[in-house]
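Work through the exercises below with the model open. Each task is followed by a solution in steps.

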Amino acid sequence: MKKNLSTNGIYIGVCAAFLVLTVCFHIIVFYHTENPIIRGTAIVFSLLVLLLGIILILLLKGKLVAFSDSLNACIDDIVNGKEDVAFDLESETLTGKFNYKLQRLYEIMQNGKRQVQEEKQSIQEMVSDISHQVKTPITNLKMYNSTLLERHLMPEKAWEFHKLMESQIDKLDFLMQAMVKMSRLETGVITLSVSPAPIYDTIGLALSGIERTAEQKNMEVNVECDSAIIVPHDKKWTAEALFNILDNAVKYTPSVGKISVTVECWEMTTRIDISDTGRGIPEQHYAQIFKRFYREDEVHDISGVGVGLYLCREIISKQGGYIQIKSEIGKGSTFSVFLPNERQL
Ligand code: ADP
């Protein structure tokens with residue numbers, strides 16, 4: 001109502017201005033001449049101008065109303081969250097230009113909405129994964145605890161139960177730490193600080209984590225890496241990613257097996273190969289083993305929760321890199337980590 005009044009007010013104002021100008025024009029003409037032909041011509045001329053003005057104003061009004069109606073309809077659709085808003089993209093007209101900008105704005109809004117939904121879904125999945133994962137150790141802990149409370153066990157038997165409880169507590173602790181890392185990496189709370197550094201040092205850091213277990217299993221570990229190779233990377237997180245691969249190499253390789261690490265610096269990327277002589281991975285599992293909490297059925301007797309490779313891929317891809325696998329059942333696996341030689345963050 002208010003919009004119509006003000007728009008009409010403008011038209012009335014313009015018409016009144018036209019009328020005032022016409023009257024002034026007549027006064028001037030009538031004042032300067034008494035010639036009836038000139039006076040008559042002036043009247044006809046001003047009437048024609050007035051008529052033309054009214055036609056122009058009506059045309060303009062029609063255009064303006066159509067323009068504001070189309071904009072209103074578009075904005076209403078956007079506000080009401082309609083999925084397929086029809087944008088009037090007439091080229092080179094004012095409506096077309098406005099609609100184009102509205103469409104861009106709408107796309108930005110839709111992308112934001114989609115991103116929020118995806119994040120919400122990923123958080124929901126993570127929460128359900130976490131609750132599923134912690135269920136087993138908690139159930140086990142409850143069972144061992146009630147056995148200890150209800151039965152009078154011999155000290156040796158009780159000690160066994162305490163040891164079992166300890167392993168479940170360790171599993172919960174490991175799960176919690178991994179989940180904190182995962183959620184921080186996924187939500188961007190942790191930002192990797194990538195800077196050029198010798199990859200040799202980072203590999204050394206990762207290897208120090210498996211030293212003891214590899215020794216216990218009598219495994220041979222060989223490293224082939226030029227200490228002069230400089231790669232832009234986050235030292236702490238990359239060492240963690242490499243450690244996860246090395247840790248698996250130790251876990252899934254029988255005693256007296258071999259692990260080798262070789263580094264090659266190419267033009268665009270640096271390739272780090274971590275090979276073992278372990279049980280191998282079937283090709284159809286290559287993609288799955290990087291999924292959160294995925295473990296192959298065959299390894300259920302070996303400790304693990306299935307987050308090592310998931311975290312590893314997150315860390316490497318956040319630095320612009322990627323991981324490839326090559327494996328042969330019963331012979332061993334090679335995990336190749338590719339890191340870009342140019343800073344990507
Ligand atoms: P976890 O080792 O805790 O199970 P990971 O995410 O590190 O979790 O690995 C996922 C799965 O990939 C493992 O459960 C195992 O089945 C397989 N895997 C990973 N590395 C190797 C390897 N070097 N040799 C054989 N299998 C492997």
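**Exercise 1: the ligand shell**

Task: How do the residues of the shell around the ligand divide into nonpolar, polar and charged?

Solution. The shell around the ligand consists of 9 nonpolar, 6 polar and 5 charged residues. The model is a predicted one. In total, 20 residues surround the ligand. Asn248, Tyr252, Asp276, Arg295 and Glu296 are the closest of them. Next, look at the secondary structure: at least two shell residues come from each of helix H7 (235–251), helix H8 (308–318) and strand E7 (332–340). Finally, consider the site itself: the ligand takes up the space of the largest pocket.

**Exercise 2: polar contacts and cover**

Solution. The cut-off for a polar contact is 3.5 Å between N or O atoms.
- Tyr252 places a polar side-chain atom 2.7 Å from a ligand oxygen atom.
- Val305 uses a polar backbone atom, 3.0 Å from an oxygen atom of the ligand.
- Gly306 also uses its backbone, with an N or O atom 2.9 Å from a ligand oxygen atom.

As for cover, the ligand on its own has 530 Å² of accessible area, and the protein covers 98% of that.

**Exercise 3: Leu172**

Task: Is Leu172 buried or exposed?

Solution. Locate Leu172 in helix H4, residues 155–187. Its relative accessible area is 17%. Buried means under 20%, so Leu172 is buried. To relate Leu172 to Exercise 2, take Val305: the two residues are 133 residues apart along the chain, and their C-alpha atoms are separated by 9.9 Å.

Conventions
Residues are numbered from 1 along each chain as its sequence is written. This is a predicted model: local features need pLDDT of at least 70, side-chain atom pairs count only at pLDDT 80 or more; totals for chains, interfaces and linings use all residues. Side-chain values use heavy atoms; hydrogens and water are left out. A residue is near a molecule or strand if one of its heavy atoms lies within 4 Å of it. A polar contact is a pair of N or O atoms within 3.5 Å; within protein, one must be able to donate a hydrogen and the other to accept it, and residues adjacent in sequence count only if both atoms are side-chain atoms. Accessible areas come from the Shrake-Rupley method with a 1.4 Å probe; for residues, only the protein chains shown count as cover. On a 1 Å grid over the protein atoms alone, a cavity is a set of points where a 1.4 Å probe fits but cannot get out, and a pocket is an open set with protein on both sides within 12 Å along at least five of seven lines; lining residues have an atom within 4 Å of a point. A molecule sits in a cavity or pocket if more than half of its atoms lie within 2 Å of its grid points. Helices (H or I, at least four residues) and strands (E, at least two) are DSSP runs, numbered from the N terminus. Ala, Val, Leu, Ile, Met, Phe, Trp, Tyr, Cys and Pro count as nonpolar, Asp, Glu, Lys and Arg as charged, and the others, Gly among them, as polar. Buried means under 20% relative accessible area, exposed over 50%, partly exposed in between (1.4 Å probe, protein chains only).
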